[in-house]
Amino acid sequence: MPREITAFSNPLIKRVRNLRDKKHRREEGLFLAEGLRILTEAREAGRLPEYLFFARDMANHPLVRTLVAATEAAGGEAIETNADILSKLSGKDNPGAVVGVYPEFAVGLDALDRSKAPIWLVAERLRDPGNLGTILRTADAIGAGGLILIDDCVDPFSVEAVRASMGALFTVPVAHAGWADFLAWLREGPGQLVGLSLDTEFDYQAPRYQAPTFLLTGNEAQGMPDFMAAECDLLVKIPMLGKADSLNAAVATAVMAYEVLNQRRHG
């Protein structure tokens, strides 16, 4: 049976609240996710929280009851609380009905099976958690094999990135690697590395992409470095017909990803 916590001074509340800080996430190996939709997506993907906090007035909601039962059956703890505590945990004035504490589950390159999917997304030095979350949603939508983060990227387990992913963090494998390790792994097997670049005149709809296609998106402000561009099998450009010189990184990734997907769909 769930226990009840309503005191801000409770040690568990303090511990969980600290998970909003990257240092504490790294030390604990845990992260926060909030919202009924996201936690339900996680459950359906086979991920259950170690701690599940839920609002007292939502205790009889069928999805909350299902989450509570599944969490307890898996050995986790369900905790009934109030909106003030949920707000403290999530950092939002209007928190969702549930907050979950999950173990981190990023994988290494050696855990990825490139034959699993024809499209993979790769992002280097991504800085914005909203962009990361959106790219994860794109990866889920197109059935990508996973997202590979290169070098110093934003933490995919930050509260902001998890929220922006709308549950895709739980459905899309996420790996992190340095550029040299990624390139060595990529060249060990089949895979076409396609870079999104402003320094090419090759239109993104011109080539026929080879499977598996690895779509590389560079840093939001600087794009990809020249040494990375030089290693790409192909550099392509999305046309810009207005005054803006580039698209948002997540938008550009989505445009490219759907071009590759549509080639697969229509032969």
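Me: Which residues line the largest cavity?
Reply: This is a predicted model. In it, Leu-32, Ala-33, Glu-34, Leu-89, Ser-90, Val-99 and Val-159 line the largest cavity.

Me: How much space lies in it?
Reply: About 40 Å³.

Me: Which elements give two or more residues to that lining?
Reply: Strand E2 (30–34) and helix H5 (83–90). E2 gives the most, with three residues.

Me: And what is the lining like by class?
Reply: Five residues are nonpolar, one is polar and one is charged.

Me: How many cavities of 30 Å³ or more does the count come to?
Reply: Two. The second largest cavity holds about 30 Å³ of space.

Me: E2 keeps coming up. Where does E2 sit in its sheet?
Reply: The sheet is open and has five strands, in the order E1-E4-E3-E5-E2. Its pairing is mixed. E2 is an edge strand, and so is strand E1 (3–4). Each of those pairs on one side only.

Me: What about E3 and E4? How many bridges join them?
Reply: Five bridges, and the two strands run parallel. E4 covers residues 77–81.

Me: Which residue in E4 stands opposite Leu-52?
Reply: Ala-78.

Me: New topic. Where does Leu-48 lie?
Reply: In the loop between helix H3 (36–44) and strand E3 (51–55).

Me: Does Leu-48 count as buried, partly exposed or exposed, and why?
Reply: Leu-48 counts as partly exposed, because its relative accessibility is 27%. Buried would need a value under 20%, and exposed a value over 50%.

Me: What does Leu-48 touch?
Reply: Leaving out residues up to four places away in sequence, Leu-48 touches Arg-43, Ala-70, Thr-71, Ala-74, Tyr-102 and Pro-103.

Me: How far apart are Leu-48 and Tyr-102?
Reply: In sequence, 54 residues. In space, 7.0 Å from C-alpha to C-alpha.

Me: Now Thr-217. Buried or exposed, and why?
Reply: Thr-217 counts as buried, because its relative accessibility is 4%. The cut-off for buried is under 20%.

Me: Where is it, and what does Thr-217 touch?
Reply: Thr-217 lies in strand E10 (residues 213–217). Not counting residues up to four places away in sequence, Thr-217 touches Val-122, Ala-123, Glu-124, Leu-196, Ala-249 and Thr-253.

Me: On to the largest nonpolar core. Which members touch the most others?
Reply: Leu-121 and Met-256, out of 52 residues in that core. Helix H10 (residues 249–266) gives the most to this core, with seven residues.

Me: What does Met-256 touch?
Reply: Val-194, Leu-196, Tyr-204, Tyr-209, Leu-215, Val-236 and Ile-238. That leaves out residues up to four places away in sequence.

Me: Which residues does the second core include?
Reply: Trp-120, Leu-216, Met-224 and Met-228 are among them. This core is separate and has 21 residues.

Methods
Residues numbered from 1 in each chain as written. Predicted model: local features only at pLDDT ≥ 70, side-chain atom pairs only at ≥ 80, totals over all residues. Heavy atoms only, no water. Core = buried A, V, L, I, M, F, W, Y, C linked by side-chain atoms within 4.5 Å. Buried < 20%, exposed > 50% of the residue type's maximum accessible area, 1.4 Å probe, protein only. Helix = DSSP H or I, 4+ residues; strand = E, 2+ residues; numbered from the N terminus. Contact = heavy atoms within 4.5 Å. 1 Å grid on protein atoms, 1.4 Å probe; cavity = no way out; pocket = protein on both sides within 12 Å on 5 of 7 lines; lining within 4 Å. Points joined across faces, edges and corners; volume = space filled by probe spheres on them. Nonpolar A, V, L, I, M, F, W, Y, C, P; charged D, E, K, R; others polar. Pairing = 2+ DSSP bridges.
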